[in-house]
Amino acid sequence: MEKNNTNKTKSTSGRLQLRTKACIFDLDGVVVDTARYHFMAWKRLTDDLGIKFTEKDNEHLKGVSRIASLDIILEIGGKKLSASEKEKLAALKNKWYLEYINRMTPEEILPGTLDFIDDLKSQNIKVALGSASKNTPLILEKLKLKDVFDAVADGNSVHKAKPDPEVFLKAAEMVGVEASRCVVFEDAYAGVEAALNAGMICIGIGEKEILKDAHMVIKGLSEMDLNKLSDLEKRLGNE
Ligand code: BG6
Ligand code: MG
């Protein structure tokens, strides 16, 4: 994934006729590369538990809640644990994850994010966050992004994990936009499915092979602009 916040200016002058009224961004792996920190913390745990855990396995954890991620890992390792043992391991993983998160700075906002958000705001398009993470408030504080989003739906305010559409529907409701007028940006397979289950357009961030159900896939938000959004709307309108 691209690094360094070399946000290029790609503002589009004038007003476009866009159908989209809200863009909802996943956090981990879209706005910031915390997916890497999640992997590092899980890897520390799986090494302790003697479970072989690869980056490929990690793809199945993206977008999935903390406890559901641990369940997947234990299944990979063929281990069965009680609910209280699982709680302890999830808390340990989160303690390590927080060590990484607490060192984060706004420099880690992924390239193109802030410029694209500015472009959306110039068209009066609402900007919301839809993340499974309970650490969302801390991450937004570290990245100094707290005031950038019109609404934040996260793991503290929803109960059903992606691919359930709850988090995106909640974000849409918070900004007062109907689902069919929302576009979601997602890096996780489960997140793409959640967006589609919500009846929203989904732009995948990452690999086409993994995010094959998304309406369009880009490498990162630095590739995104209002003209591409307009072209996608036209293409989908014609399908
Ligand atoms: C998602 C991540 O955004 O949040 C998952 O993609 C993570 O990897 C999930 O498990 C929950 O995060 P947290 O911060 O509540 O443990
Ligand atoms: Mg993600």
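Tyr-100 lies in helix 4 (residues 83-101), where helices (H or I, at least four residues) and strands (E, at least two) are DSSP runs numbered from the N terminus. With a relative accessibility of 11%, Tyr-100 counts as buried, a class that means under 20% relative accessible area, while exposed means over 50% and partly exposed lies in between (1.4 Å probe, protein chains only). From Tyr-100 to Asn-238 the C-alpha separation is 45 Å, and the two residues are 138 positions apart in sequence.

This is a predicted model, in which local features need pLDDT of at least 70 and side-chain atom pairs count only at pLDDT 80 or more, whereas totals for chains, interfaces and linings use all residues. Residues are numbered from 1 along each chain as its sequence is written, chains are lettered from A and ligands numbered from 1 in the order in which they are written, and side-chain values use heavy atoms, with hydrogens and water left out.

**Magnesium site**

- The magnesium ion (ligand 2) is held by Asp-26 (OD), Asp-28 (O) and Asp-187 (OD) at 2.0 to 2.1 Å; donors here are N, O and S atoms within 2.8 Å of the metal (3.2 Å for Na, K and Ca), and sites may look incomplete because water is not among the atoms.
- Along the chain, the donors of this magnesium ion (ligand 2) show the spacing D-x1-D-x158-D.
- Asp-28 belongs to the loop between strand 1 (22-25) and helix 1 (34-49), and Asp-187 to the loop between strand 4 (182-186) and helix 8 (189-197), so the pair ties together parts that are 159 residues apart in sequence.
- Asp-28 and Asp-187 are both buried.

- Taken alone, ligand 1 exposes 400 Å², of which the protein buries 97%; accessible areas come from the Shrake-Rupley method with a 1.4 Å probe, and for residues only the protein chains shown count as cover.
- The space that ligand 1 takes is the largest pocket, a pocket being an open set of points on a 1 Å grid over the protein atoms alone, with protein on both sides within 12 Å along at least five of seven lines; a molecule sits in a pocket if more than half of its atoms lie within 2 Å of its grid points.

**Lys-162 and its partners**

- Lys-162 is found in the loop between strand 3 (151-153) and helix 7 (166-175), and is buried with a relative accessible area of 5%.
- The side chain of Lys-162 makes a polar contact of 2.6 Å with that of Glu-186 and one of 3.1 Å with that of Asp-26; a polar contact is a pair of N or O atoms within 3.5 Å, where within protein one must be able to donate a hydrogen and the other to accept it, and residues adjacent in sequence count only if both atoms are side-chain atoms.
- Asp-26, in the loop between strand 1 and helix 1, counts as buried at 4% relative accessibility.

**Backbone geometry**

- Most residues other than glycine have a negative phi, and most peptide bonds are trans.
- The peptide bond from Lys-162 to Pro-163 is cis, with omega near 15 degrees, and Pro-163 is found in the loop between strand 3 and helix 7.
- Asn-124, although not a glycine, has a positive phi of about 60 degrees; Asn-124 lies in the loop between helix 5 (113-122) and strand 2 (126-130) and is exposed at 59% relative accessibility.
- Lys-144, also a residue other than glycine, has a positive phi near 55 degrees, lies in the loop between helix 6 (136-142) and strand 3, and is exposed with a relative accessible area of 67%.

**Separations along the chain and in space**

Terms used
On a 1 Å grid over the protein atoms alone, a cavity is a set of points where a 1.4 Å probe fits but cannot get out, and a pocket is an open set with protein on both sides within 12 Å along at least five of seven lines; lining residues have an atom within 4 Å of a point.
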